[in-house]
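Visitor: I am new to this structure. Please show me how to read it, one feature at a time.

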Protein chains: 2
Amino acid sequence: MPGARRAAGVRRPHPQPPEEPPAREEQDLLLAAAYVSDAQYNRNIPFETSPQAIRLYYFYNHWTMQAATYFFICIDLSLALFEEPALFPLPFLATSIVEVLCLTAFLGRLVHFAKVTPQMVFWKDTKNICIMLTIVLTLIDLIVYGSLEAVNIHSVRWSRALRPVFLINFPESRQIRRAFRSIRNTLPDILYVFLLFLFSVLMFSLMALKLFGDRGLKTVEGSPYFTNILDIAFELYVLVTTANSPDVMMPAYDFNGWYSLYFITYIIINTYIFMSVFLAVVYNNYRKHLKNEIRKLAYLKRHKMIEAFNLLKVQVGTEFVVKEAQWRRLAKVVAPDISSSHLELLLRVSDEGQKGHVDKMNFLRLADLLNIQVVTINIKRHPLEAWMPRVYQSSASLLVQRMVRHRVFVWVYDVIILVNAIFIALDERNPFISYAEWLFLSLYIIEILLKLYTYEPRSYFGRRQFWNWFDVLIIIAALVATVANTTIQSARKYSSQQILDIVLILRILRLLRVIVSIERFRVIVTTLINIGPAMLTFGGLVLVVYYVFAIIGMEAFHSKVQFFDPNFTAPDALVCGNPALKDSAFARNRYCKNNFNDLASAFILLMELTVVNQWHVLAGGFALVTHQAAKLYFVGFHIVVVILIVNIFIAFILEAFFVAYSLEKSEVETAIEKKIQELGVGIQEEAVQDGKLVDNMDTRDSGFSGDDGDNKRKALKGLYFRIASKKYRTVDALLQQMFESEIAPEDEGPPLDEILNFSPSDICPKNPSFENSA
Amino acid sequence: MPGARRAAGVRRPHPQPPEEPPAREEQDLLLAAAYVSDAQYNRNIPFETSPQAIRLYYFYNHWTMQAATYFFICIDLSLALFEEPALFPLPFLATSIVEVLCLTAFLGRLVHFAKVTPQMVFWKDTKNICIMLTIVLTLIDLIVYGSLEAVNIHSVRWSRALRPVFLINFPESRQIRRAFRSIRNTLPDILYVFLLFLFSVLMFSLMALKLFGDRGLKTVEGSPYFTNILDIAFELYVLVTTANSPDVMMPAYDFNGWYSLYFITYIIINTYIFMSVFLAVVYNNYRKHLKNEIRKLAYLKRHKMIEAFNLLKVQVGTEFVVKEAQWRRLAKVVAPDISSSHLELLLRVSDEGQKGHVDKMNFLRLADLLNIQVVTINIKRHPLEAWMPRVYQSSASLLVQRMVRHRVFVWVYDVIILVNAIFIALDERNPFISYAEWLFLSLYIIEILLKLYTYEPRSYFGRRQFWNWFDVLIIIAALVATVANTTIQSARKYSSQQILDIVLILRILRLLRVIVSIERFRVIVTTLINIGPAMLTFGGLVLVVYYVFAIIGMEAFHSKVQFFDPNFTAPDALVCGNPALKDSAFARNRYCKNNFNDLASAFILLMELTVVNQWHVLAGGFALVTHQAAKLYFVGFHIVVVILIVNIFIAFILEAFFVAYSLEKSEVETAIEKKIQELGVGIQEEAVQDGKLVDNMDTRDSGFSGDDGDNKRKALKGLYFRIASKKYRTVDALLQQMFESEIAPEDEGPPLDEILNFSPSDICPKNPSFENSA
């Protein structure tokens with residue numbers, strides 16, 4: 001791609017030299033470009049329109065500034081690795097200096113933000129207040145903790161739990177913020193279902209107390225069974241998560257078979273029905289609120305584009321339009337990296353009749369047009385063909401090329417990969433097999449070389465040829481690692497564990513290639529990869545929640561449970577260094593390494609709690625070493641993460657898959673595609689993927705050069721375009737595609753104030769809330 | 001309700017005496033009624049139109065015949081309780097005689113069916129072939145098993161696993177059949193995701209073998225960790241179900257913290273993403289196929305109604321219509337129980353202009369009209385008011401009535417119930433508390449009596465007053481049980497355990513009443529109750545799958561694991577009577593009662609497997625006592641029940657909730673409601689629910705009697721109607737409401753053959769299948 005772009009840049013076409021604009025227009029252009037850029041990236045920042053503020057605003061949105069902000073956020077969050085209880089302990093002075101540095105950076109960013117936004121807006125925004133408050137609180141905590149530490153009193157660094165506030169509240173983390181807003185808005189509806197669910201659990205607890213309490217039953221561990229209402233409620237809550245099924249039922253079931261009916265009823269009502277209702281309520285509300293957010297975004301985008309249009313419009317005849325030269329300069333300012341041919345294509349789409357100006361309707365599409373990833377393919381001959389045409393076109397060479405392009409070539413390599421898999425599964429210490437590994441490695445290298453010989457290298461390594469890149473990187477890495485390992489081994493008669501592990505993983509990852517050659521599988525994987533970036537939002541969400549819970553957990557439970565090397569046979573090792581754990585399920589299952597003694601351990605423990613199984617054993621263990629109330633921490637984590645966030649994750653996957661199932665290209669994309677086809681410069685996606693690019697080129701090229709009367713068309717000659725519609729350039733784009741179709745394209749939307757105060761009930765008159773539905 | 005209907009029947013209105021029809025018309029009427037009845041109940045049975053066949057067809061659809069069929073199906077299925085391995089053993093001769101009886105009944109039913117359907121249709125229907133084949137196979141199996149038994153050779157009664165075929169294939173179990181068809185159609189799409197998922201599990205297994213196999217790690221039990229590829233694959237499959245998390249990770253995690261990344265990656269990819277994708281694929285396909293089925297049903301209904309119309313139509317002016325008298329007789333034949341006032345209402349809706357005939361469009365709605373539950377409320381005075389008006393209208397009596405109707409009355413009883421809950425939680429052996437129970441019981445009885453005094457008893461016990469019925473039944477049952485218990489106790493100084501348990505449960509169920517008085521909760525509960533009947537379909541589905549798996553499990557695993565009374569301390573008791581289980585997790589967890597030694601135990605065990613947790617321990621136990629291949633049975637069960645059926649259940653709940661959220665009344669219901677309102681005989685649902693019926697009546701009555709010039713209107717006087725729209729009379733109705741709105745009301749649909757061969761791709765041109773979506 002970079003190569004293609006550079007090559008296109010050489011014959012940059014300027015069919016109509018741009019008119020020289022007066023100096024005042026320069027200002028308007030910059031302002032309009034700021035609006036368009038905001039619309040393109042869905043930035044929702046009201047900024048001042050003075051020339052100086054605009055320049056500052058450009059600087060504010062520059063990627064270096066954003067990267068710096070994220071860098072400081074990362075530093076700030078990772079400080080927990082170095083603070084007590086630490087993975088890599090550093091003195092308090094060091095971490096506190098770094099923290100103050102980070103806070104200064106955040107403050108600087110905030111001041112910068114205050115300079116570009118109108119004062120009224122700045123002070124009304126809770127985000128900014130939140131950041132300021134967190135900075136102040138953190139400083140106070142640092143001072144208090146530091147001074148207490150100086151007189152040797154240990155206190156709690158509580159402000160560390162506030163650190164994710166920075167991650168949430170900086171304007172760059174729109175997606176995470178939106179997800180949090182959706183959760184907040186979903187809470188009231190969930191609350192009532194949750195209360196009903198709690199009521200049901202309590203009623204069943206009461207029933208269990210009466211039915212089983214006086215029977216004198218014993219659990220497997222020999223402790224009394226179902227005698228205390230609080231214990232029963234906890235056990236039954238755990239049963240909802242299925243973590244203690246069927247153990248919790250066994251004593252009663254052993255006593256009398258009919259009692260199993262009690263547990264089956266409980267499981268059907270609370271585990272199956274209530275949990276599904278939670279999913280339904282979360283899903284429904286999440287969708288409703290997301291829809292509202294997206295509608296807000298779409299209207300804001302429209303609003304900004306109209307502002308930009310009003311700045312640049314000139315009257316031609318009866319209608320206001322934007323001159324082609326102005327449009328061209330605007331696009332260049334908004335997207336400095338755009339290739340001329342791409343710009344030319346967009347102009348053709350916007351100025352359908354080639355009238356030399358863009359009308360309002362087409363101008364408003366500019367932000368969407370820029371968001372569509374059009375791949376410019378500069379089709380060139382194979383370099384070998386240019387260097388030595390005689391050899392490359394010889395019959396032997398052509399035979400090789402035909403062979404490589406043949407379907408059987410793929411099949412043969414699939415078989416080789418499968419044989420390789422079997423060899424991997426076999427014992428490695430057999431020397432014959434370790435030689436075979438070299439054979440496979442060379443076979444794969446030969447495959448890549450053959451492909452590079454047959455296909456044009458720059459299109460083989462095209463930006464969207466994910467699997468080609470994957471192949472080559474895996475093979476090169478495996479080659480390097482294997483060579484390194486062999487060198488070390490022969491020099492020192494010892495293989496490095498880390499390198500060996502990496503070689504093994506790389507070797508097995510190669511098997512993934514088989515999937516790619518089966519069409520059906522490739523489609524599923526591609527869909528999963530496409531929704532991947534959007535899933536990262538949930539990564540952010542989970543990170544925030546995990547971080548807060550990890551900090552709280554570290555303060556509450558650190559060094560209560562110790563891990564000893566399994567080979568170390570101290571008597572303490574079996575009870576994780578804490579006599580309170582004697583005879584507990586926690587110690588019996590050897591869960592000593594599941595502790596809160598550093599950030600990494602805490603995260604892994606929280607991951608185990610998210611998976612749910614055995615969480616009651618973990619909760620029980622920590623309750624034993626501290627206090628029974630510790631169970632509340634674990635129940636709280638379950639409610640927040642499993643009932644809320646995991647359900648939202650499932651809702652998101654469902655929604656994304658349904659969209660993928662019924663995805664239609666957006667109006668704007670269709671327009672571009674139509675234009676590409678009209679100009680005869682389109683390429684079928686399959687052709688590129690199957691590597692038939694060069695085959696197609698010949699036929700296309702001849703057909704195309706047949707009618708080149710138009711000199712603009714000439715400018716595009718040798719270039720091919722392809723829409724990369726199925727990949728979503730931004731997470732927002734995917735979300736918008738989910739819902740944008742419902743907004744009429746001609747709708748100019750309500751005024752700005754109204755947009756910002758949308759509530760979900762405005763959009764869904766047909767979608768009554770829970771109260772009215774039954 | 002029955003009372004109301006009878007009362008309405010007394011003044012049966014016949015404003016236009018029906019014309020006497022000639023004898024030939026009688027035939028047409030019967031045939032038309034059969035069509036309408038089929039359309040009403042969505043029966044999809046082509047029947048012959050000869051007079052004799054129609055009479056047989058009526059007999060075939062009579063409820064006694066259907067009940068008898070279900071009775072024999074129940075008997076046939078429950079035979080497994082009495083056959084070896086039996087809960088209540090009966091000799092082989094007895095069970096085989098009963099089985100032959102059942103088979104005869106099924107054959108009879110089939111022959112009856114053959115008489116009413118055209119022969120061509122009968123022999124092309126796989127359902128019938130299935131039933132015949134199953135009957136033959138069962139007979140063969142019975143004979144073979146019996147003769148082998150006679151010479152003392154024990155063989156396998158394999159045909160028992162075929163018994164659910166009868167449940168599925170009789171025409172009455174449409175819903176279950178439809179669910180199975182949806183599953184079958186969903187399979188191909190799931191298969192590819194499943195293969196990909198298996199591939200992923202295998203790749204991770206290979207990686208685990210290489211990474212951990214040579215480390216010499218040990219599990220908590222001391223067995224080698226991750227050394228055999230098959231064991232690893234099984235462990236990793238179990239990890240997908242989360243049942244062995246985090247235990248499976250601990251040895252590797254203890255060895256090196258970085259290895260946790262392997263497991264976290266695995267869980268994210270396979271547990272979270274793949275399982276969500278399964279849900280998405282199942283949900284999407286289920287919805288797609290269900291939509292197709294419902295469209296088929298809707299067109300068939302239309303088709304039948306047109307047939308009926310063509311039989312009865314007469315020409316009036318330029319259009320064909322059905323005379324009012326014919327329409328009236330038809331409705332009476334289709335719904336013999338319909339009350340005259342209800343019929344009158346339906347006629348008013350169908351014959352809007354009171355022209356004395358019903359046009360085609362309105363005639364086609366008849367089946368839908370009959371399906372709408374219109375509650376006829378015959379408002380009468382309180383019987384006490386009629387008997388002794390002076391006393392009932394005295395100021396003291398009025399004060400009592402006002403008191404009972406007051407909101408505070410409800411609150412006071414909510415407080416009483418909560419106090420009661422606390423008393424229940426307290427120790428029961430305290431005599432003061434057991435006296436308090438009598439106090440609470442009398443308080444509740446007083447409440448019911450007061451309510452009966454205030455509200456008209458027949459409306460209090462209306463068919464739709466679920467919670468009133470609930471109250472009264474719970475209290476009466478509690479009263480009877482408490483009295484019985486006290487009697488037994490004072491007579492024999494010993495309380496019966498069963499009765500005590502029942503009393504306890506009834507006492508606690510009373511607490512449910514608190515929910516009813518909180519509006520928000522009542523709404524959620526009502527929604528759940530409304531989708532309850534539809535959930536029963538899944539009950540049928542689960543029953544079929546459980547039955548088949550239970551029979552297979554009983555044949556394979558019976559008496560391998562024995563349960564001994566926990567107090568019995570034989571050395572065998574600890575290993576469930578099987579030395580192979582020594583030191584196994586199965587025996588350690590005391591899972592001996594989880595066995596396949598009779599049908600009930602097998603069902604409970606399968607329920608535990610459905611809940612998933614610890615299923616690997618159960619599978620491991622049965623693998624130890626038989627063979628490692630036994631694990632396949634458990635994995636198969638997991639795939640079928642958890643991945644397929646539970647996901648479909650979740651999909652159904654989600655869909656039903658979304659429909660409930662956005663439920664609009666259907667066109668036909670709105671027409672009836674409009675008519676009810678026009679006639680001024682409507683009653684607000686809330687008024688009835690809050691018991692304000694009598695209050696409203698007075699005001700309404702006076703307004704209504706103001707204009708009764710029309711004698712038809714007089715016929716309706718004193719009667720009030722209410723649409724019970726939110727309850728679904730049949731499961732089909734709910735499903736149809738989900739999708740029917742998408743079919744245009746004027747569409748006559750394609751010809752019959754085409755309808756029967758619809759495929760889902762016909763309806764969803766905008767919903768491309770997976771292959772095209774990425």
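Visitor: How far apart are the N and O atoms where A:Arg160 and A:Glu83 meet in a salt bridge?

Guide: Side chains of opposite charge can pair when their charged atoms come close. The rule for a salt bridge asks for a side-chain nitrogen of Lys or Arg within 4 Å of a carboxyl oxygen of Asp or Glu. In this predicted model, where local features need pLDDT of at least 70, side-chain atom pairs count only at pLDDT 80 or more, and totals for chains, interfaces and linings use all residues, side-chain values use heavy atoms, with hydrogens and water left out. Residues are numbered from 1 along each chain as its sequence is written, while chains are lettered from A and ligands numbered from 1 in the order in which they are written. The side chains of A:Arg160 and A:Glu83 come to 2.8 Å, N to O. This pair links distant parts of the chain, 77 residues apart. A:Arg160 is in the loop between α7 (126-150) and α8 (164-169) of chain A, and A:Glu83 is in the loop between α4 (63-78) and α5 (92-116) of chain A. Helices here are DSSP runs (H or I, at least four residues), numbered from the N terminus.

Visitor: Is A:Arg160 buried or exposed?

Guide: Buried means under 20% relative accessible area, exposed over 50%, partly exposed in between (1.4 Å probe, protein chains only). A:Arg160 has 1%, so it is buried. A:Glu83 is buried too, at 6%.

Visitor: Which helices hold A:Arg328 and A:Glu344?

Guide: These two form a salt bridge, with the closest N and O atoms 3.4 Å apart. A:Arg328 lies in helix α13 (residues 324-334) of chain A and A:Glu344 in helix α14 (residues 340-350) of chain A, so the pair ties together parts 16 residues apart in sequence. A:Arg328 is buried at 8%, and A:Glu344 is buried at 3%.

Visitor: What separates B:Glu324 and B:Arg328 in helix α13 of chain B?

Guide: About one helical turn, because they are four residues apart in that helix. Their salt bridge brings the closest N and O atoms to 2.8 Å. Both ends are buried: B:Glu324 at 3% and B:Arg328 at 8%.

Visitor: How many salt bridges does the structure hold over all chains?

Guide: The total is 26.

Visitor: How do I read the meeting of chain B and chain A?

Guide: Start with buried area, the accessible area (1.4 Å probe) that two parts lose on being put together, summed over both. Chain B and chain A bury about 9800 Å², with 69% of it on carbon and sulfur atoms. Helix α12 (residues 260-312) of chain B gives the most to the chain B side, with 14 residues. Contact means heavy atoms within 4.5 Å. It takes 101 residues from chain B and 102 residues from chain A.

Visitor: What rotation superposes chain B on chain A?

Guide: Two copies of a chain are related by a rotation about an axis and a shift along it. Here the rotation is 180°, with 0.0 Å of shift along its axis (RMSD 0.1 Å). The two copies are thus related as by a two-fold rotation axis. Superposition is by least squares on the C-alpha atoms of residues with pLDDT of at least 70 in both. Of the interface residues of chain B, 100% are also interface residues in chain A, so the copies meet through the same surface.

Conventions:
Helices (H or I, at least four residues) and strands (E, at least two) are DSSP runs, numbered from the N terminus.
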